[in-house]
Amino acid sequence: MPFTISDLRQCPEFFDTVAERIWRAWWEPEGHPLAYIQTRLRENLNGSPIPFALVAHVSNEFLGTASAIASDVPARPQFTPWVAAVWVEPHARRRGIGAMLVSRAAQDCFALGFGRTYLCARPRRSGFYERLGWRTIERRVGPDRLSILIQDATPEPGEIKGSRP
Ligand SMILES: CC(C)(COP(=O)(O)OP(=O)(O)OC[C@H]1O[C@@H](n2cnc3c(N)ncnc32)[C@H](O)[C@@H]1OP(=O)(O)O)[C@@H](O)C(=O)NCCC(=O)NCCS
């Protein structure tokens with residue numbers, strides 16, 4: 001099924017759906033009102049490069065979303081940016097949409113000049129990201145005992161990083 005990944009700024013008609021899915025998955029269980037996440041998500045629509053939200057869709061059919069945000073794990077304020085809020089509609093899973101959303105969010109961060117992106121996941125979900133090339137650097141962080149994973153930008157051909165001997 002061919003699908004498109006767009007920045008939410010280019011398809012704001014998906015705003016309410018993205019907010020509702022993020023809220024139901026991660027914020028409603030903690031007792032936060034939908035209005036709270038709508039306010040947070042609205043930050044994705046302003047002019048600053050981070051945060052941004054991506055939407056996977058076929059025309060006007062919503063398939064999934066992922067975001068890039070400045071900080072995600074309060075215990076690791078020095079890490080930025082983070083790929084977060086990765087969600088694919090249940091009927092559209094296991095077709096590679098999640099992988100594409102994660103990859104595109106990371107690539108967009110690299111295109112903004114970041115050399116590394118971060119991601120946190122519950123241990124049972126870490127394998128999914130590791131199979132996509134992410135590397136776990138820490139485990140059991142914070143009260144939710146999350147794993148922290150990284151992906152580094154691939155240097156452009158001819159670009160030499162690090163010091164010479
Ligand atoms: C996690 C989530 C985003 C994955 O989305 P997805 O679109 O199903 O992701 P993919 O299709 O890229 O990959 C999912 C699995 O399907 C497999 N897959 C991908 N394409 C496939 C295909 N054509 N046929 C069979 N399997 C396939 C992948 O290998 C992967 O397997 P793995 O989990 O063993 O690594 C989705 O399950 C979801 O929204 N879950 C609820 C929210 C959540 O937990 N988010 C992550 C928070 S850290």
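**Exercise 1. Identify which residues of the largest nonpolar core touch the most other members, and which elements supply the core.**

Solution. Of the 24 residues in the largest nonpolar core, those that touch the most other members are Ile97, Leu101, Leu119, Tyr129 and Trp134. At least two residues each come from strand E2 (52-58), strand E3 (61-69), strand E4 (82-88), helix H3 (97-111) and strand E5 (116-121), and H3 gives the most, with 7 residues. A nonpolar core is here a set of buried Ala, Val, Leu, Ile, Met, Phe, Trp, Tyr and Cys residues joined through side-chain atoms within 4.5 Å, where buried means under 20% relative accessible area (1.4 Å probe, protein chains only). Helices (H or I, at least four residues) and strands (E, at least two) are DSSP runs, numbered from the N terminus.

The model is predicted, so that local features need pLDDT of at least 70 and side-chain atom pairs count only at pLDDT 80 or more, whereas totals for chains, interfaces and linings use all residues. Residues are numbered from 1 along each chain as its sequence is written, and side-chain values use heavy atoms, with hydrogens and water left out.

**Exercise 2. Describe the pairing and burial of E2.**

Solution. Begin with burial: 6 of the 7 residues of E2 are buried, which leaves the strand mostly covered. Next, take its partners, given that two strands pair if DSSP finds at least two bridges between them. Strand E1 (residues 4-7) runs antiparallel to E2 and is joined to it by 4 bridges, with Asp7 opposite Leu54. E3 also runs antiparallel to E2, through 7 bridges, and here His57 stands opposite Phe62. Finally, the hairpin of E2 and E3 has 2 residues between the strands, and Ser59 takes a positive phi near 55° in it.

**Exercise 3. Determine which element gives the most to the lining of the largest pocket, and how the lining divides by class.**

Solution. Of the 49 lining residues, Trp26, Ala84, Ala85, Val86 and Cys120 are the closest to the centre of the largest pocket. E4 gives the most to this lining, with 6 residues. By class, the lining has 31 nonpolar, 7 polar and 11 charged residues; Ala, Val, Leu, Ile, Met, Phe, Trp, Tyr, Cys and Pro count as nonpolar, Asp, Glu, Lys and Arg as charged, and the others, Gly among them, as polar. A pocket is an open set of points on a 1 Å grid over the protein atoms alone, where a 1.4 Å probe fits, with protein on both sides within 12 Å along at least five of seven lines, and lining residues have an atom within 4 Å of a point.

Note on methods:
Buried < 20%, exposed > 50% of the residue type's maximum accessible area, 1.4 Å probe, protein only.
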